[in-house]
Amino acid sequence: ERELIEAREREKRESEVLKREWAKTMTKKEWQALCKVRQTLPIYKEQTALVDAIRDNSVVVLVGETGCGKSTQVPQMILDQKIESG
């Protein structure tokens, strides 16, 4: 049980470090420019629905045209949500 407690504490510390680093990244001009580009992709407007569907279901099938952001933006959306939620 002690090992489990230590592992959770270590995970919490690592999560806090990641959140701080993420906050720094989000203030950089390069990141902000990239975010503007991301917002132009068709998949962007479905971000909340996609992240919710992935969270709430064991399997999600995503179909979209080439270049809509399926393979690049969905993983980033998941990562963003995990970092934000801790």
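A salt bridge is counted here when a side-chain nitrogen of Lys or Arg lies within 4 Å of a carboxyl oxygen of Asp or Glu. The structure is a predicted model, in which local features need pLDDT of at least 70 and side-chain atom pairs count only at pLDDT 80 or more, while totals for chains, interfaces and linings use all residues. Residues are numbered from 1 along each chain as its sequence is written, and side-chain values use heavy atoms, with hydrogens and water left out.

To begin with the overall fold, the chain has four helices and zero strands (DSSP runs numbered from the N terminus, H or I of at least four residues for helices and E of at least two for strands). The radius of gyration is 16 Å, well over the 12 Å that the globule rule gives for 86 residues, so the chain is more spread out than a compact globule. This radius is taken over C-alpha atoms, and the rule is 2.2 Å times the number of residues to the power 0.38. Along the principal axes, the C-alpha atoms fill a box of roughly 50 × 35 × 15 Å. Of the 86 residues, 16% count as buried (under 20% relative accessible area, with exposed over 50% and partly exposed in between; 1.4 Å probe, protein chains only).

Five salt bridges are found in the structure. One of them joins the side chains of E21 and K24, at 3.5 Å from N to O. Both residues belong to helix 1 (residues 2-26), where they sit three residues apart, about one turn of the helix. E21 counts as partly exposed because its relative accessibility is 41%, and K24, at 48%, is partly exposed as well.

Turning to the aromatic residues, the structure holds one aromatic pair. The ring centres of W22 and W31 are 5.1 Å apart and the planes stand at 70°, so the arrangement is edge-to-face. For rings of Phe, Tyr and Trp (its six-membered ring), pairing requires centres within 6.5 Å; planes under 30 degrees apart are stacked, over 60 edge-to-face and the rest tilted. Both W22 and W31 are buried.
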